[in-house]
Every structure is written in C-alpha cells, then in structure tokens.
Amino acid sequence: MKGENRVAMTPDSARQLQKLGYECLIEKGAGHAAGFDDAAYEAAGVTVIKTAAALWKEADIIAKVRPPTETELKRLNKGKTLISFFNPAENEKGLEIAREKGANVIAMEMVPRISRAQKMDALSSMANIAGYRAVIEAGNNFGRFFTGQVTAAGKVPPAKVLVVGAGVAGLAAIGAAVSLGAIVYAFDVRPEVAEQVESMGAEFVYLDFEDDQDGAETGGYAKPSSPEFREAQLAKFRELAPDMDIVITTALIPNQPAPILWTKDMIQSMKRGSVIVDLAAERGGNVEGTVKDEKIVTDNGVTIIGYTDFPSRMAAQASQLYATNIRHMISDLTPNKDGQIVHDMEDDVIRSATVAYQGEITFPPPPLKVQ
Ligand code: NAD
C-alpha cells in the first residue's frame with residue numbers, strides 16, 4: 001500500500017500459521033518493501049495471488065496492517081475474519097460496513113494491555129519501534145554528535161535530549177538516546193515511571209508542585225492534568241527549553257486529543273539546529289505547530305518532525321514483530337490447531353479486540369473480567 005511498507009505476514013510467520021493447519025496466501029509484491037520478496041514466500045509454502053481483490057475473495061482470514069478502506073471492507077462477507085488495525089473509536093463507517101457484511105473484525109489496537117496478551121500487543125511492538133526511530137530521525141536532522149567527545153580538534157559537549165511521556169515509545173526513545181551517549185531527561189505525569197527512567201540512565205524531571213506528580217489513571221494510562229498541574233509542567237518546560245538540543249514528545253491520553261505541551265514560545269527559545277520529534281502527531285500533536293506527516297523548520301532554525309509512519313520506516317523489523325503479534329492472535333483463535341477458527345467471545349482478549357461479530361458491532365467492549 002502507498003505510504004505503508006509493513007506487511008502482516010512474513011515467510012516465517014507463514015510457516016507457523018501452516019503448523020496451525022492453515023493454507024497461506026499473499027498478495028503479489030505485498031512484502032517487497034519490507035524486504036520479503038514473492039520467492040521467499042513461495043519458498044515458505046505460501047501461494048502468491050496476483051491481485052488484492054482475488055486475495056480477499058479467496059481468503060477466510062485476512063490479516064492487514066493499516067485500517068481497511070471501504071472498498072476492502074465491502075469485499076468481506078459472513079464467514080470471513082479481518083484482523084488489522086482498525087481505529088474503531090473513529091471508524092463508525094467501517095464498523096457499519098463490517099456489521100452489514102456480517103464479517104468478524106479483530107482490531108489489533110483493542111488487544112487489552114494484560115500480561116497474557118502481551119504477545120499480541122501490536123500497539124506496544126510498534127510504539128517501541130517508533131520511539132527508537134524517533135531518536136534516529138532526530139539524529140539525522142541534528143548536525144552534531146549525541147555523545148560528548150574530547151578530541152585533538154576540540155571538545156564537543158554531549159547533546160541534551162528531553163523525552164516527554166515515558167510510556168512504551170518514550171522508554172524506547174530514552175534507551176536509544178542514552179545508548180548514543182546523550183544526556184537524557186524525561187518527564188511523565190505518572191510518577192511510577194520515574195524509577196524506570198532512572199534505571200535506564202536518564203534523569204527524571206520533577207515539578208515544583210505541592211500535590212504529588214500523579215496523573216495516573218487506572219490501567220497504567222494517564223488522565224488529563226488539572227490546569228494547575230499543567231501550568232507547573234509548562235513552566236518547567238519553559239525553563240528547560242533553551243538548554244535542550246532534542247525534544248521527543250510521546251504524551252497521549254486514551255480517547256482524547258494529544259495534550260499540547262511544547263508551545264510556540266518554548267520553540268522560539270530553543271537553539272538554532274535543535275530538533276523536535278512529535279510522536280503524537282497522529283492524534284493532533286504535543287507540539288504547537290507540528291504538521292502531520294511533515295518536517296518543518298521554524299524561523300529560528302528548529303526542525304519539527306511530525307511523521308506518523310515511524311514503524312513503516314523500519315519495515316522489515318516492524319513486519320516481523322507485527323506478523324508475530326498477528327500469528328499469536330490467530331493461534332489463540334485456533335485452539336485445536338486444525339485450520340479452523342474458534343471465535344470464542346468468552347475469552348477476554350478475543351472479546352476485547354473483536355469490534356464486529358456476526359452482524360453486530362461489538363465495540364466498545366465490556367470491562368475486562370480479569371485485569
Ligand atoms: P500512551 O501511548 O497512552 O501514552 C504515552 C505516555 O504519555 C504515557 O506514559 C502517559 O503517562 C504520558 N502522558 C500523558 N499525558 C502526559 C503529559 N501531560 N505529560 C507527560 N506525559 C504524559 O502510553 P503507552 O505507551 O501505551 O503505555 C501506557 C501504560 O501501559 C504504561 O504504563 C505501560 O507500561 C503500560 N503497558 C502495559 C502493558 C502490559 O501490561 N501488557 C503493555 C503495554 C503498555
């Protein structure tokens with residue numbers, strides 16, 4: 001697909017799926033951009049099908065990366081199962097078509113964040129790549145070393161990196177920036193991550209705030225901050241901004257637009273040549289002025305990157321991890337390893353991820369029975 005290099009099945013995952021009793025098919029050229037050519041699939045026992053339309057007609061289970069288009073959804077029918085990212089909260093039309101068609105749809109972003117489901121947690125596997133890649137993109141646009149050096153030609157200071165939001169992507173960014181030798185600072189509204197941040201060799205940024213730095217909601221997610229907390233946070237960022245070379249923002253709150261945390265005046269106070277990567281660009285961005293899917297340079301020479309395709313920029317690795325997530329989902333749907341789907345709506349993980357089932361919309365799911 002244009003703008004998407006990942007693929008939902010690799011030759012390796014196809015081998016595993018065949019062990020579950022399935023026959024595997026792939027659209028011609030689907031893995032090419034991720035480094036898997038048709039011959040590699042054929043060598044793994046996969047049948048290459050010439051067109052997407054023929055593939056959707058032929059297959060009973062369709063695995064995909066990006067949410068399906070309307071045309072694709074219209075190719076579904078009763079008895080077919082689609083497993084894909086689906087963005088169900090903002091995809092009413094897609095849910096409606098799936099319902100009309102009587103197809104079953106599993107939305108990968110709805111896999112609950114519980115231990116048993118970690119092997120299917122595509123949000124985490126992709127966020128991990130996005131965090132790492134954000135540092136690489138920042139480095140690529142930053143005209144200096146990350147690490148400090150003392151050379152015969154002069155002394156080079158280490159870069160200072162601030163990571164805002166220390167969830168899965170933020171922690172991956174911290175790890176990558178620390179390993180490149182930068183001095184890394186990180187902030188999150190959830191105080192429990194401070195220890196994790198510090199154990200990775202970064203410094204946790206605390207606020208001068210009389211209440212605890214507690215923006216934690218249930219389930220490990222953040223809740224919107226109070227106006228007072230937000231002011232204290234912005235004041236701290238204002239203080240840090242002139243000193244930071246690279247800022248990577250990853251702050252998200254479930255079912256809300258991304259909070260704006262890096263404002264125009266902070267950008268104005270940054271040094272020429274500094275780089276901001278806004279990993280929240282898909283949900284509106286944490287940075288004032290981010291342009292989704294673009295890289296811009298401000299009047300004062302600060303680069304702001306708003307790409308939303310970081311995992312696709314590491315397509316081979318991302319496909320390998322995503323295909324493994326998909327393969328585990330299919331494995332859980334195939335308890336008898338006989339190539340037959342058992343769509344068990346009593347299973348918490350399968351139920352939560354299923355957004356359309358046998359002619360009904362089943363999103364949002366009920367609360368989990370076991371947390
Ligand atoms: P996310 O993408 O929803 O948000 C990213 C980070 O932004 C979070 O750490 C959040 O606290 C932070 N944030 C929100 N508002 C902020 C603000 N105003 N300022 C600074 N930071 C702000 O989060 P995620 O990466 O999906 O992870 C969320 C949680 O889920 C984490 O606790 C993670 O450990 C947990 N998790 C658990 C599992 C599992 O048990 N299977 C899997 C993945 C993630």
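Let's start with one residue. Leaving aside neighbours within four places in sequence, Ala-186 is in contact with Val-163, Ala-166, Gly-170, Ile-174, Val-197, Ala-202, Phe-204 and Val-205. In contact means that the two C-beta atoms, placed from the backbone, lie within 7 Å.

A word on the source. This is a predicted model: local features need pLDDT of at least 70, side-chain atom pairs count only at pLDDT 80 or more, and totals for chains, interfaces and linings use all residues. Residues are numbered from 1 along each chain as its sequence is written.

Now the core. Which residues touch the most other members of the largest nonpolar core? They are Val-163, Ala-173, Ile-174, Val-184, Ala-186 and Ile-248, out of 115 residues in that core. Helix α6, residues 122–141, gives the most to this core, with nine residues. A nonpolar core is a set of buried Ala, Val, Leu, Ile, Met, Phe, Trp, Tyr and Cys residues joined through C-beta atoms within 7 Å. Buried means 20 or more other C-beta atoms within 10 Å of the residue's own; exposed means 12 or fewer; partly exposed is in between; C-beta atoms are placed from the backbone. In soluble globular proteins, nonpolar side chains tend to be buried together.

Next, the sheet. It is open, with seven strands in the order β10-β9-β8-β11-β12-β14-β13 and mixed pairing. Helices (H or I, at least four residues) and strands (E, at least two) are DSSP runs, numbered from the N terminus. Two strands pair if DSSP finds at least two bridges between them.

Take β11, residues 246–249. Ile-246 and Ile-248 on one side are buried, and so are Val-247 and Thr-249 on the other. Strand β8 (residues 160–164) pairs with β11 in the parallel sense, over four bridges. There, Val-161 stands opposite Ile-246. Strand β12 (residues 275–278) also runs parallel to β11, joined by four bridges. Thr-249 has Asp-278 in β12 as its bridge partner.

Now Val-297, in strand β13 (residues 295–297). Is Val-297 buried or partly exposed? Val-297 counts as partly exposed, because it has 13 C-beta neighbours inside 10 Å.

Last, the ligand. It is surrounded by 30 residues, and the closest are Gly-165, Gly-167, Gly-220, Ala-222 and Ala-251. A residue belongs here if its C-beta atom, placed from the backbone, lies within 6 Å of the molecule. Helices α6 and α7 (168–179) are the elements that give two or more residues to this shell.
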